[in-house]
Structure formats: C-alpha cells, structure tokens
Amino acid sequence: MTTRGRPKSFCPDRALENAMQLFWQRGYEAASLQDLQAATGLSKSSLYQTYPSKQAWFVAAFSRYVAQRRALLLEQLDASASPLAFIRERLLSVLEDDGPGGVPRGCMLVNVANEFSLSEPALVPVLQQATAGVCQVFEEALARAVACGELRNGQDLAVRAGYLQCVMSGLRTQVKSAVPADSIRATVAVVMASLDCQ
C-alpha cells in the first residue's frame, strides 16, 4: 500500500512572499536556513520539499520581486499625471525606500547585482530579465512623452531608458551611502533636464 505524503498545510504564495522579504532585507549570504524557516514557518523538510535548496528559494523569491516590481511600475506609469512626471517620481522614490529601523534596504535588483555580480550563473538570466524589464518601462514612458509632446527628441529611446535605469541604480547606492536628500534631488533635476538632449 502506497502512503501518500502529508498534504501541504501552508500557503506557498505567502511562504514565498515572506522569503522574498527576508532575502530583500538581509541578502542571500546573511540569511541563514534557520532565518528562512522562521520567515516561511516551514520545517526543514517542508522547506526542501517546496524548493530543493536555499539557492532555489532565492531564485524563486527574486523572480517574484522582479515580476511584482515591473507590474507596479506599469501601474504607476498609467496612473501618473504625465510620462515625465512618472520618470521624475520614480527617480525621487529612492528617497522613500526605508526598511526596518529606517535603514534603506534599496532595490532588490541592485542588491542582488552587488552581492553576486556574475558569480552565480543561475541568477544571471533573472538579473538580465529584471534589468531589461525596468528599461522597457522607462522606454515606454519616454515614448509616451514624445507622443504627447513632452519630449521633442524621439531618437535613441532605448539608450535613454538604459541611462535612466543606470541613474536609478546609482541613486539607490547613494541613498544607502547616506548622501543628503538635497543632493539626490539636485541630481534628479539635472537628469530630467538632460533627457531631451540625449
């Protein structure tokens, strides 16, 4: 007689969300297996039945972050007063990213890229997809800005979108380095003024 395994008594979606929040706050190396068990509420055996390794949990959690982030950016673009207002708001949003205790946790994409670089092959496609997704949203915003007359120069939108993604990553790093908010705002003003000159 075959004995069936015990059915899962937890919500996989909630467990993955909690794992994502853990890795976002602490990073991969600093989050122990015990931390992951506590965050998800799973035993060690259930943890590995859901995903076969800590790295697999991390990849799944990061992929979840990427999908959520892109969907949120598109919602914000549609809801914004104008395409350029959306871009300005997104760049300035780095000033609002406080984690527990008021310590900026930054963008998980930037954190992962800084922690791993290219040392984890399994993460490279996800990192590339995440970066491309952010660039695509910025490119869409720029295209809308041209269509509504906010920008005169409609050339090289993909290049400018990549520029904005790089700027945003750099701004997040500056915030985590305690660069004053006024300096961040001044940088954003320069970036916005440069967009039609790219």
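F23 is buried, as its relative accessible area is 3%. Keep that residue in mind as we work through this predicted model.

**Exercise 1.** Work out whether Y28 is buried or exposed.

*Solution.* Start with the cut-off: buried means under 20% relative accessible area. Next, take the value for Y28, which is 14%. Y28 therefore counts as buried.

**Exercise 2.** Classify the aromatic pair that F23 and Y28 form.

*Solution.* A pair of aromatic rings is described by the distance of the centres and the angle of the planes. For F23 and Y28, the centres are 6.3 Å apart and the planes make an angle of 25°. Rings pair if their centres lie within 6.5 Å, and planes under 30 degrees apart count as stacked. The pair of F23 and Y28 is therefore stacked.

**Exercise 3.** Now classify the pair of Y28 and F58, and find which parts it ties together.

*Solution.* Here the centres are 5.1 Å apart, with 70° between the planes. Angles over 60 degrees count as edge-to-face, so this pair is edge-to-face. Y28 lies in the loop between α1 (12-26) and α2 (33-40), while F58 belongs to helix α4 (residues 54-79), so the pair links parts 30 residues apart in sequence. Put together, F23, Y28 and F58 form one aromatic cluster.

**Exercise 4.** Find where A178 lies, and say whether it is buried or exposed.

*Solution.* A178 sits in the loop between α8 and α9 (181-194). Its relative accessibility is 64%, and exposed means over 50%, so A178 counts as exposed. Its phi is positive, about 65°, although A178 is not a glycine.

Conventions: Residues numbered from 1 in each chain as written. Predicted model: local features only at pLDDT ≥ 70, side-chain atom pairs only at ≥ 80, totals over all residues. Heavy atoms only, no water. Phe/Tyr/Trp six-rings, centres within 6.5 Å; stacked < 30°, edge-to-face > 60°. Buried < 20%, exposed > 50% of the residue type's maximum accessible area, 1.4 Å probe, protein only. Helix = DSSP H or I, 4+ residues; strand = E, 2+ residues; numbered from the N terminus.
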